[in-house]
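Q: I have a model open here and would like to go through it with you, piece by piece. Can we start with the strands and then move on to helices and charged pairs?

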Amino acid sequence: MKKRLKYILKKVDVLKIIGRNTSKLIEGISIDSKIIQKNMIFVAKKGKITDGHEFIIDAIQNGANTIVCEKINHPIHQHITYVIVANSTDALGIMSSNFYDHPTKKIKLIGITGTNGKTSVATILHQLFSKMGEKNILISTMGIKILSKIYPTTHTTPNIIEINKYLNLSIRKGCKYAFMEVSSHGIHQKRIAGLLFQGGIFTNITHDHLDYHESFDHYLSTKKFFFENLSKNAFALMNSDDKNSYKIIKNILSKTYFYGFKKNANFKIQILKKSIHGSQLLIDDHQIFTHLIGTFNVYNLLSSYATAILLGKNKDDILKKIKNIKPIRGRFEQFLSNSGIRVIVDYAHNPDGLKTVLNTLKEIKKNNEKLICVIGCGGNRDIKKRPLMGKIVYEACDVSIFTSDNPREENMEKILVDMKNFKSYLNKESILTFVNRKEAIQTAIQIAKKKDIILIAGKGHETYQEIKGKRFPFNDMKIVKDLLKNYV
């Protein structure tokens with residue numbers, strides 16, 4: 001793909017251009033000087049840790065013919081066009097959209113935000129629309145999926161260049177819908193700048209990411225910012241059972257709808273029966289059975305149903321297809337040994353997510369069945385949630401096993417000490433601790449007896465463990481499968 005520089009700069013707030021050749025051909029845009037190639041634009045923007053302005057020389061050496069920046073702090077190169085802008089991040093969003101032919105004007109983009117449920121809702125929508133014969137793209141923690149092909153990503157919300165690139169590709173493959181997780185980091189860092197959303201879904205908001213946002217109010221206002229930027233032609237679909245929904249929708253332009261269990265919701269649902277095998281539901285006076293388990297998944301299913309209705313799909317067709325939605329990888333995913341031990345792998349990695357999953361298991365397990373939990377907390381992340389998560393597991397489970405998650409640069413022993421720092425922890429023998437996560441999982445399976453339930457929480461679909469700056473192969477689901485083969 002090639003575009004003239006002057007076309008890419010349309011509607012960008014340009015303060016000054018040095019080297020006025022704006023008719024030159026551009027073959028790509030990047031914010032990473034390492035991947036710059038010939039005839040690309042390098043956008044220098046200030047990040048939380050590094051400042052892209054320090055890598056301008058590297059980008060030029062690698063072939064950049066245009067530099068977009070907020071300041072120039074080195075000698076001018078004659079053959080380079082320098083575009084000075086007020087804000088590099090804002091400029092990047094507009095430029096990416098221009099370069100990739102404004103994909104969000106040609107596709108119906110739905111953003112899903114909230115503390116928990118983003119991946120599940122986005123994935124359910126991707127599955128549902130695929131089953132209804134509608135080509136679509138999924139942009140999530142699990143990767144980018146266009147039709148059936150997966151492209152890996154490193155962030156819940158990829159950078160704006162990647163988003164526009166893959167949206168453009170999906171349109172060329174015939175996609176009419178896009179379902180995208182929108183994280184608070186992605187909103188705050190303007191990784192969705194310049195995108196036009198047809199609708200936004202709010203799942204819930206609870207204690208998480210406070211290491212980044214520093215206060216719950218800032219976290220909430222970041223989520224609100226996403227909805228404030230929806231147009232009057234878009235819709236906002238809110239969880240009516242989360243009181244913060246009403247704070248978020250204040251003064252927004254888009255049309256607002258509510259989903260939930262409450263009478264005043266536009267889209268309502270009832271749980272008629274729940275078990276370890278699934279849930280019997282009543283949606284709009286229609287009974288369906290789903291293999292998705294737990295109240296949290298009922299919310300996810302309902303918001304997906306409501307979104308499909310708001311996008312103009314036929315109710316009977318939605319209900320026919322939605323009951324066949326498969327459980328999402330690493331989200332309450334079940335494994336059963338021949339001896340009857342049930343293991344559940346789930347991504348729950350914050351207090352509310354963990355509490356929700358454990359409450360679901362307590363509701364459906366029988367009195368003679370033990371509940372065992374393997375849990376860790378991530379390093380270099382919100383320290384305050386560690387004792388909260390430790391306490392939730394300790395008070396809900398028959399056996400608590402604390403272990404590593406992604407310790408990153410932190411000392412694992414220190415994280416384990418933090419997890420035990422809560423008042424109700426008195427009997428220090430009743431919490432088992434293992435630095436080695438595989439050992440922790442193995443111990444849980446060895447302890448378990450027939451019909452006991454083991455929850456392995458925190459990593460879900462992840463296929464690595466991050467230790468001291470390196471990612472080592474590690475997959476909870478694969479380890480569980482291998483270990484269960486030995487239990488007949």
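Q: Which residue stands opposite I283 in β18?
A: This is a predicted model, and in it I283 faces H286 of β18. The two strands involved, β17 (residues 278-283) and β18, pair in the antiparallel sense, with five bridges between them.

Q: OK, and what is the strand order of the sheet with β18 in it?
A: It is an open sheet of eleven strands with mixed pairing, and the order reads β11-β10-β9-β12-β8-β13-β14-β15-β16-β17-β18. The edges are formed by β11 (149-151) and β18 (286-290), each of which pairs on one side only. On average, neighbouring strands of this sheet are turned by 20 degrees against each other, with direction ignored.

Q: Let's look at β14 then. How many of its residues are buried?
A: Five of the five residues in β14 (residues 235-239) are buried, so the strand is mostly covered by the under 20% relative accessible area criterion. Both of its faces are covered, with F235, L237 and N239 buried on one side and A236 and M238 buried on the other. In a regular strand the side chains alternate between the two faces of the sheet.

Q: And what are its pairings, parallel or antiparallel?
A: With β13 (residues 199-202), β14 pairs in the parallel sense over four bridges, and A236 is there the bridge partner of G200. With β15 (residues 255-260), β14 also runs parallel, joined by five bridges, and N239 stands opposite Y259 of β15.

Q: Which strands does helix α10 lie across?
A: Helix α10 (residues 295-310) lies across β8 (108-113), β13, β14, β15, β16 (267-275), β17 and β18, and it runs at about 145 degrees to β16. Another helix, α5 (residues 160-172), lies across β9 (136-140), β10 (143-146), β11 and β12 (177-181), running at about 160 degrees to β9.

Q: Switching to α16, which of its residues are buried?
A: In α16 (residues 476-484) the buried residues are D476, M477, I479, V480, L483 and L484. These residues are on the same side of α16, because they cover an arc of only 165 degrees around the axis.

Q: What covers them?
A: The elements that cover the buried residues of α16 include β19 (333-336), β20 (342-346), α15 (437-447) and β24 (453-457). At the start of α16, a side-chain oxygen of N475 also comes to within 2.9 Å of the backbone nitrogen of M477.

Q: Now charges. How many salt bridges does the structure hold?
A: There are 16 salt bridges. One of them joins the side chains of K71 and D51, at 3.8 Å from N to O. K71 is in the loop between β6 (64-69) and β7 (81-85) and D51 in the loop between β5 (40-43) and α2 (56-61), so the pair ties together parts that are 20 residues apart in sequence.

Q: Is that pair buried or exposed?
A: K71 counts as partly exposed, at 42% relative accessibility, whereas D51 counts as buried, at 10%.

Q: What about D418 and R386, how far apart are their closest N and O atoms?
A: The closest N and O atoms of that salt bridge are 2.8 Å apart. The pair links distant parts of the chain, with D418 in helix α14 (residues 412-419) and R386 in helix α13 (residues 385-396), 32 residues apart. Both D418 and R386 are buried, and a network of salt bridges links R386, E410, K414 and D418.

Conventions:
Residues are numbered from 1 along each chain as its sequence is written. This is a predicted model: local features need pLDDT of at least 70, side-chain atom pairs count only at pLDDT 80 or more; totals for chains, interfaces and linings use all residues. Side-chain values use heavy atoms; hydrogens and water are left out. Buried means under 20% relative accessible area, exposed over 50%, partly exposed in between (1.4 Å probe, protein chains only). Two strands pair if DSSP finds at least two bridges between them. Axes are lines fitted to C-alpha atoms, for helices over the stretch in contact, and angles run from 0 to 180 degrees between N-to-C directions. Contact means heavy atoms within 4.5 Å. The arc is that of the directions from the helix axis to the C-beta atoms. A polar contact is a pair of N or O atoms within 3.5 Å; within protein, one must be able to donate a hydrogen and the other to accept it, and residues adjacent in sequence count only if both atoms are side-chain atoms. A salt bridge is a side-chain nitrogen of Lys or Arg within 4 Å of a carboxyl oxygen of Asp or Glu.
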